[in-house]
Amino acid sequence: MPQLDFDNPLLIAQVVWLLIIFGLLYYVLSTYALPRVESVLEERRARIAADLGAAQAAKAEADAAMAAHREATAKARAEAQSAIASAMQQAQAEAAARSEELNRRLAQQIQEAEQRIAAARDAAMGALRQVSTETAESLVAKLAGRADRTPVTAAVDRALAARGQA
Amino acid sequence: MAAEGKTIDALGQFELVPVLGKVGASVGFTQSSAHMLLAVGLIVALVMYGMAKRAIVPGRLQAVTESTYEFVQGLCQNQIGDEGKKFFPFVFALFMFVLFGNLLGLLPFAFTFTSHIVVTFALAMMVFVLITVVALVLHGRKFFGYFFPEGAPIWLAPIIIPVEIVSYLSRPISLSIRLFANMVAGHVMLKVFATFIVLLGGLGAVGPFIAVLPLTVNVALVGFEILVAFLQAYVFAILTTIYLHDAVHLH
């Protein structure tokens, strides 16, 4: 087995060359090659972390905007509700005032009309008494030849009162 | 070489031959050293060229480089812990050197430097010296407590201490022989079956048909050897990290 032929000087030379060449590999790897890989990996990690951070910040911003929007909506709704309520209240108050006014005017008109009616009736009644008295007087004068005005008037008043009309 | 004399010469492939003419011969620069240099060149090229673009989204070669890097880094991190960072370049160099040595050896006409016990033993001794120095630097004299676990009954000391010392000293031996034996066995098998193909192929009319059998075996063996190449590099690296863990944490 050539590997176990330890008298062969090439075997020892192989070990020496191995130490030199492996030392070279170790030096190049640890000084140039591996830091290079590490820097690329580090760069990628940093990039990913930065992107994740940016995404998180954007999400937080969006959440805040969403919350503000929701708050504004709620506020606007509340304002609108109160505006509607106050408008309704005002309108109701106005309507009530107007109907009261109308009622008052109508009542007044009714009262006036009643007064007018009463006046007209009184006038008519007055005329009736006069007409009745004169008629009675002339009747009495025709029948009795003469007429005493006072008893006739009293009799007509009695008769009118008996009919229930003042 | 193998079939020239109609005999099976499975070990000739491990012979060291100086290259680069007289200069190479005078400094003992053999095809083995040349393959080591080639492996180093390929490893450095893979890492440097693979990371040349420094892409955020890696291409294929960069993905290979990065996954190798992260694989070994994970090995160090999981086995050694946070102290593993310091040893990462060494473990990475060791893993890649053994892996490329194993894989290069599978190419036709190539030489497998990991099939030489002096090479694997030198690598294992590097690991052994490293773990011993690290343990001594970090723990000083407490390191020797490693050979007698705390809580063991004192009367067992005459048994435990020699056993622990022997097991500690046998680490570089088992580490080197495992890799060496795997590589030698694989290449001897490949060579033997390859020789069968040639010998059987020369057996007149039926020869070529019978020769298909060892050829099939060889095809399967090459696939198996690729697995072994990765596996042995992995085993070498993980045992190194386990030993480093022991050196850093003392059990």
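**The largest pocket and its surroundings**

By class, the lining of the largest pocket is made up of 14 nonpolar, eight polar and two charged residues. Here Ala, Val, Leu, Ile, Met, Phe, Trp, Tyr, Cys and Pro count as nonpolar, Asp, Glu, Lys and Arg as charged, and the others, Gly among them, as polar. The model is predicted: local features need pLDDT of at least 70 and side-chain atom pairs count only at pLDDT 80 or more, while totals for chains, interfaces and linings use all residues. Residues are numbered from 1 along each chain as its sequence is written, chains are lettered from A in the order in which they are written, and side-chain values use heavy atoms, with hydrogens and water left out.

The volume of this pocket is about 700 Å³. Among its 24 lining residues, Gln13(B), Leu107(B), Pro108(B), Phe109(B) and Lys191(B) are the closest to the centre. Two or more lining residues come from each of helix H2 (31–50), helix H7 (171–201) and helix H8 (207–249) of chain B. H7(B) gives the most, with five residues. The search runs on a 1 Å grid over the protein atoms alone: a pocket is an open set of points with protein on both sides within 12 Å along at least five of seven lines, a cavity is a set where a 1.4 Å probe fits but cannot get out, and lining residues have an atom within 4 Å of a point. Points are joined across faces, edges and corners, and a volume is the space filled by probe spheres set on them.

The helices named here belong to a chain with eight helices and zero strands. Helices (H or I, at least four residues) and strands (E, at least two) are DSSP runs, numbered from the N terminus. Along its principal axes, the C-alpha atoms of chain B fill a box of roughly 75 × 55 × 40 Å.

The second largest pocket has a volume of about 230 Å³. Of its 14 lining residues, Glu38(A), Tyr69(B), Gln73(B), Lys85(B) and Phe88(B) lie nearest the centre. Both chains take part in this lining: helix H1 (9–144) of chain A, and helix H3 (60–80) and helix H4 (84–104) of chain B, each supply at least two residues. The classes are six nonpolar, four polar and four charged residues.

H5 (117–139) and H8 of chain B each supply at least two lining residues, and H8(B) gives the most, with three. Eight of the residues around this cavity are nonpolar, none polar and two charged.

Turning to the chain contact, 33 residues of chain A touch 49 residues of chain B, where contact means heavy atoms within 4.5 Å. The area buried between them is about 3800 Å², with 77% from carbon and sulfur atoms; buried area is the accessible area (1.4 Å probe) that two parts lose on being put together, summed over both. Gln3(A), Gln14(A) and Phe22(A) supply 17% of the area that chain A buries against chain B, more than any other three residues.

Two salt bridges cross this interface, a salt bridge being a side-chain nitrogen of Lys or Arg within 4 Å of a carboxyl oxygen of Asp or Glu. In one salt bridge, Arg54(B) meets Glu43(A) at 3.3 Å, N to O. By class, the side of chain A that touches chain B has 24 nonpolar, four polar and five charged residues. Over all chains the count is ten salt bridges. Another salt bridge joins Arg45(A) and Glu42(A) at 3.2 Å, N to O; both residues lie in helix H1 of chain A, three residues apart, about one turn of the helix.
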